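The exercises below are to be worked through with the sequence and the coordinates at hand. Each task is followed by a solution in steps.

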Amino acid sequence: MSKPIDQVFINAKQWLLSWLAGSPAWVIQVTSILINIFMLLGVFLTLFALISVLERKILARMQNRYGPNRVGPFGLFQPIADGIKMLIKEDIVPARADKLVHFLAPVLLAAVAILTLGVIPYGRNMTPFAIDGGILFFFAVGSATELAVFMAGWASNNKFSMLGAMRAIAQMFSYELPLIITVLPVVMVVGSLMPDRIVAAQAEYTFGIVPRWFVFTPWGFTAFILFFVSGLVESNRTPFDVPEGESEIVAGHMTEYSGFKYATFFMAEYLGMFAVSGLAVTLFLGGWHAPVRLLEIVPSYVWFFLKLSALLFVYIWLRGTLPRTRIDQMMNIAWKFMLPMAFTCFIAAAVWHYTGRGLRGWLWSLFVIVIVYSALSIVLDTRRKFAPRVYRFAE
Amino acid sequence: MSSAAFVIIAIFTLAAALAAATLQKLMHAALSFAVALVGLAAFFFLLGAEFVGLALVFIYIGAVAVLIVFTILLTRRDVGKNRGFNWAGVLIALAVFGGLTWSILKTQSLSILAPHIRALTVKRIGEALMTGYVWPLQCVGVLLTAALIGALILVMEEKR
């Protein structure tokens, strides 16, 4: 274990704070918090810039074209060019818009996304904002997203914006339920709402080889898949990007935004994606723990960001592969399939816990999940594969 | 430091509450109400009751504020119309305030110095809910399930 490299950021922060040794306690406290905030912003805004260009590159590769390759080596400076372009664009606010709310909506959305990033442990001793109810904080703050989207839709005073906001809020509310319920089994098994404890509970290895991540238990695997899909919906990504649709409602709640305000929406969407993926890594993929004991020499934060990048790649991959869903299909699957499955994970985790957390518990929880999954598949199968399409209009 | 934080949060909360009561546009008032609730949650954080503060944000900002905002949107045609000053509302608010102040001042606990209590952790709340208060919890659960089913029945498509 190479302690110094693992703790390099912690030590750097301590060194910075040692300059303030003589000053009162609150100065040190505030400075420490400010360092955390600036680190968080620095890392994730850089990651945002990087991902925005990588996404275009990867999508281009999937569609057999080059993607951005003009600005800098391999087009890597594209985000800088984009940022400058966004900044010098005219900021158009509709004459009949509610100016203040119109301005505040993207700000609130970005603030919420950044706040939710704060509770995730990025490495050993590297949680920017370690509080007792970290998981609860994540969802409590995250629930303000709906209000921000509503503000954007309402303040624009435009029917496309309002309809888009309605769609976005409907899907966010529907999928918030499975998202939170799939977290519950982990919280129940660990017995804590603190992200650090959840990561610590996944530290050991079964038989010295298989890491004790929750994704390797049947309930954990199911919960992870459900959580990932719900996270996809919460961050409005393809295949669930229904709030936006060029042919139906333009850009949804972002229709009346231009220039840097639009970029802020874009940024908030990506930061939200990072936050949900980071929470998925923390809850199910063992946080910053290495997959093999031998590889524990690699610093913990490297593992966290490797897992995060893997999840982000899946996000991009799905965007390049899947067509979008219809809103009624989305709602159906949320309420009829995802919610019962989420509750099943909850029960399967309890079964796993009470049958001894070993191989027996593993098999019993697998049994529970298979039974419910097959029952749901039989019940939900409409047996109407190619029925004539029925058109329904608003009445 | 905590007294400075108290003053800042108090000013913030009161300003938001005042805005919620006096702003002309109903939607602005509803949004300032949400801001005032954030201030209240900050008070709970300051007092070390993290869980209560987070629950406040979760329920009031995430659900109740959105509900209020949607109710305004879907029921009022003339959201922007100026209705003049509502004197009856002032009277009711003053009456509620007076009643609360009177009953708080009458209690004995104001004169007793609060003993030093342990910080309210999530674990302790969970234990209390699962042991002493398990029946009220279950009843609330049943009530909420009934409300959910009722809402589903309300929006169910009528077969023609």
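**Exercise 1.** State how chain B is divided into domains and how far apart their C-alpha centres lie.

Solution. Chain B is divided into domain 1 (1-81) and domain 2 (121-160), with bounds that come from an automatic or database domain assignment. The C-alpha centres of domain 1 and domain 2 of chain B lie 25 Å apart.

The model is predicted, and local features need pLDDT of at least 70, side-chain atom pairs count only at pLDDT 80 or more, while totals for chains, interfaces and linings use all residues. Residues are numbered from 1 along each chain as its sequence is written, and chains are lettered from A and ligands numbered from 1 in the order in which they are written.

**Exercise 2.** Describe the side of chain B that touches chain A, by element and by class.

Solution. Begin with the count: 17 residues of chain B are in contact (C-beta atoms, placed from the backbone, within 7 Å) with 18 residues of chain A. Next, the elements that give two or more residues to this side of chain B are helix 2 (26-46) and helix 3 (50-75) of chain B, helices being DSSP runs of H or I with at least four residues, numbered from the N terminus. Helix 3 of chain B gives the most, with 11 residues. Finally, the classes on this side of chain B are 14 nonpolar, two polar and one charged, where Ala, Val, Leu, Ile, Met, Phe, Trp, Tyr, Cys and Pro count as nonpolar, Asp, Glu, Lys and Arg as charged, and the others, Gly among them, as polar.

Conventions
Contact = placed C-beta atoms within 7 Å.
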